Amino acid sequence: MFSVTQAAHLTAVLVLYGQSPGQSAALSSLLEAVAGRPEAAQRISLIIYDNSAEPHALSASMAFEAHYIHDAENAGLARAYNAAFARARAQGSTWLLLLDQDTLLSAEYLRELLDASDALASVGEVGAIVPKLWAGTRLYSPDAPFLFQIRQQFSDDNFAVDQNVTGMVARPLTAYNSGAALRVSMLEEIGGFPEDFWLDYLDHAVFQQLQLQGYRLWVMRTVLQQNLSHMDLGSVSMPRHWSVLAAQTRFVLRFGSASDRLFFRWWLLKTSRNYLSACSDKRVWRMRAAQAFRLKQMQPRYPEGQHA
């Protein structure tokens, strides 16, 4: 499929919270995928960025270079990714690979990723290589950008790409962070990861900037299983609901037009009904409905003592 011209180096970052490296499905599956493939292990260096309250020891034997960072402040994904981005630049890596702790990788994924990262290293139009992510009963990523989705909110379309789509896709797309390899030079161009999107909608913000700079996504054949914490709305904590809404609002105010802000208000009112039925904590839907009317910036984290 690919005409390989050079061996591109990948710096990978695995962000942990509330679990040890040995408990991470992403790490264990990555180690299994590179087992017996020393040439693949030599192409990868790994940063384990641990946002847990207490540090963890690296119990597993690593087949590749691994660097552990503990950050008890738990500043979220953006700080972790920027630390890895800085290391990728210092190492001269072509790609920065983002991994969530719960993503199950496969030997097929690793093989295709390494082949694509080699073949596309000199194809400057490609800003990211992304797998397809399956969660629950359907494909969730890649997907249409959030602004497009709220503009088309009265359509019944599922905006995720078809499972058979592969290669460079001309239309704008966004993708979830996990399993995505981002071109380091592209990240330099956009100034790295915006830390005001500390957790939620960081992927949307990065892929939106990628799109604005004229880059395209390369969609892999491989489909990975992804655990999405927000699929069961009733099990999500109030602080996380706050974080998501704050990030959505920040995204629309930064990247959207005046008409997008109107579409977003409608979308908040429309979707607040789902939260009313799914969440026992009625503050959640009230918060979203109120934001549809006031549409103002929110603090990224749930304020101490807040009673929404």
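Visitor: Which residue in E6 is the bridge partner of Trp 134?

Guide: The partner of Trp 134 is Leu 139. This is a predicted model: local features need pLDDT of at least 70, side-chain atom pairs count only at pLDDT 80 or more, and totals for chains, interfaces and linings use all residues. Residues are numbered from 1 along each chain as its sequence is written, and side-chain values use heavy atoms, with hydrogens and water left out.

Visitor: How many bridges join E5 to E6?

Guide: First, the rule: two strands pair if DSSP finds at least two bridges between them. Strands (E, at least two residues) and helices (H or I, at least four) are DSSP runs, numbered from the N terminus. Here, E5 and strand E6 (residues 138–141) share three bridges and run antiparallel. They form a hairpin with two residues between them. In that turn, Gly 136 has a positive phi of about 65 degrees.

Visitor: What else pairs with E5, and in which sense?

Guide: Strand E9 (residues 216–225) pairs with E5 (residues 126–135) in the parallel sense, over seven bridges. Ala 128 stands opposite Leu 217 in E9. E9 also takes strand E7 (residues 167–169), antiparallel, through three bridges. There, Met 168 has Trp 218 of E9 as its bridge partner.

Visitor: Are Asn 74 and Tyr 201 buried or exposed?

Guide: Buried means under 20% relative accessible area, exposed over 50%, and partly exposed in between (1.4 Å probe, protein chains only). Asn 74 has 18% relative accessibility, so it counts as buried. Tyr 201 has 13%, so Tyr 201 counts as buried too.

Visitor: How many residues of H7 are buried?

Guide: Nine of the eleven, so helix H7 (residues 202–212) is mostly covered. The buried ones include Leu 202, His 204, Val 206, Phe 207 and Leu 210. Just after H7, Gly 214 takes a positive phi of about 90 degrees.

Visitor: What does His 67 touch?

Guide: Contact means heavy atoms within 4.5 Å. Leaving aside residues up to four places away in sequence, His 67 touches Leu 46, Ile 47, Ile 48 and Arg 87. His 67 belongs to strand E3 (residues 65–70). It counts as partly exposed because its relative accessibility is 31%. From His 67 to Tyr 201 is 26 Å, C-alpha to C-alpha, across 134 residues of sequence.

Visitor: Now zoom out. How many helices and strands are there?

Guide: The protein chain has ten helices and nine strands. Its C-alpha trace spans about 55 × 45 × 35 Å along the principal axes. Of its 308 residues, 52% count as buried. Take contacts between residues at least 6 apart in sequence: 77% of them join residues at least 24 apart.
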